[in-house]
Amino acid sequence: MIIKIDFEKAYDSVSWDFLFYVLARMGFCCKWVHRIKECMESSSISILVNGSPSKKFKSTRGLRQGDPIALFLFLIVAQGLSGLVNQATRKELFSGLKVGAKKVEVNILQFADDTLIMCDSNIQNIRVVMLRAF
């Protein structure tokens, strides 16, 4: 079974808590993570309604497209997804495809914003993907 994850509008739905968790797990220093957090939390947004700007409000999730660091942060979140898939595989909750003569297990392939999750087509893998979402 191959599942293609569509990351259209993924920038808008990135959980900041997950991003900060992954940054810490990857060993980024607390000071750097704190500065990224301050940059993200200090911004405010206003939208045009019938040509007039609304009151400003703060965002609680997502990355701003066009922000020079947004792509880097998105790739870190994608790395976090890869870590979750690998962790589920290690805990034997999920089993990837075995390919080649040496039966190498492959469970996730990522390139930029394209992600494929590959697994045996069994009910346990379907449950993990659908219910647990890693």
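Reader: Why is Leu19 called buried?

Author: Leu19 has a relative accessible area of 0%, and a residue counts as buried under 20%, as exposed over 50% and as partly exposed in between, with a 1.4 Å probe and protein chains only as cover, so Leu19 is buried. This is a predicted model, in which local features need pLDDT of at least 70 and side-chain atom pairs count only at pLDDT 80 or more, while totals for chains, interfaces and linings use all residues. Residues are numbered from 1 along each chain as its sequence is written, and side-chain values use heavy atoms, with hydrogens and water left out.

Reader: What does Leu19 touch, not counting residues up to four places away in sequence?

Author: With contact taken as heavy atoms within 4.5 Å, Leu19 touches Met40, Leu63, Leu73, Ile76 and Val77. The C-alpha atoms of Leu19 and Gly80 are separated by 8.0 Å, although these residues are 61 apart along the chain.

Reader: How do you know on which side of α2 its buried residues lie?

Author: Helix α2 covers residues 16-25, where helices are DSSP runs of H or I with at least four residues, strands are runs of E with at least two, and both are numbered from the N terminus. Its buried residues are Trp16, Leu19, Phe20, Val22 and Leu23. They cover an arc of only 160° around the axis, which puts them on the same side of α2; the arc is that of the directions from the helix axis to the C-beta atoms. These buried residues pack against α3 (30-42) and α4 (70-90), whereas the face turned away from them carries the exposed residues Asp17 and Arg25.

Reader: Which residues touch the most other members of the largest nonpolar core?

Author: A nonpolar core is a set of buried Ala, Val, Leu, Ile, Met, Phe, Trp, Tyr and Cys residues joined through side-chain atoms within 4.5 Å. The largest one has 27 residues, of which Leu19, Phe20, Met40, Leu63, Phe74 and Phe94 touch the most other members. Its largest share, eight residues, comes from α4. Leaving aside neighbours within four places in sequence, Phe74 is in contact with Phe7, Ala10, Tyr11, Val14, Leu63 and Asp113.

Reader: Is Leu131 buried or exposed, and how do you know?

Author: Leu131 has a relative accessible area of 69%, so by the cut-offs already given Leu131 is exposed. Leu131 lies in helix α5 (residues 123-132), and together with Met1, Ile123, Ile126 and Met130 Leu131 forms a nonpolar patch on the surface.

Notes: Patch = residues over 30% accessible without salt bridge, like charges linked within 9 Å, V, L, I, M, F, W, Y side chains within 5 Å. Areas by Shrake-Rupley, 256 points an atom, 1.4 Å probe, with all protein chains shown as cover. Salt bridge = Lys/Arg side-chain N within 4 Å of Asp/Glu carboxyl O.
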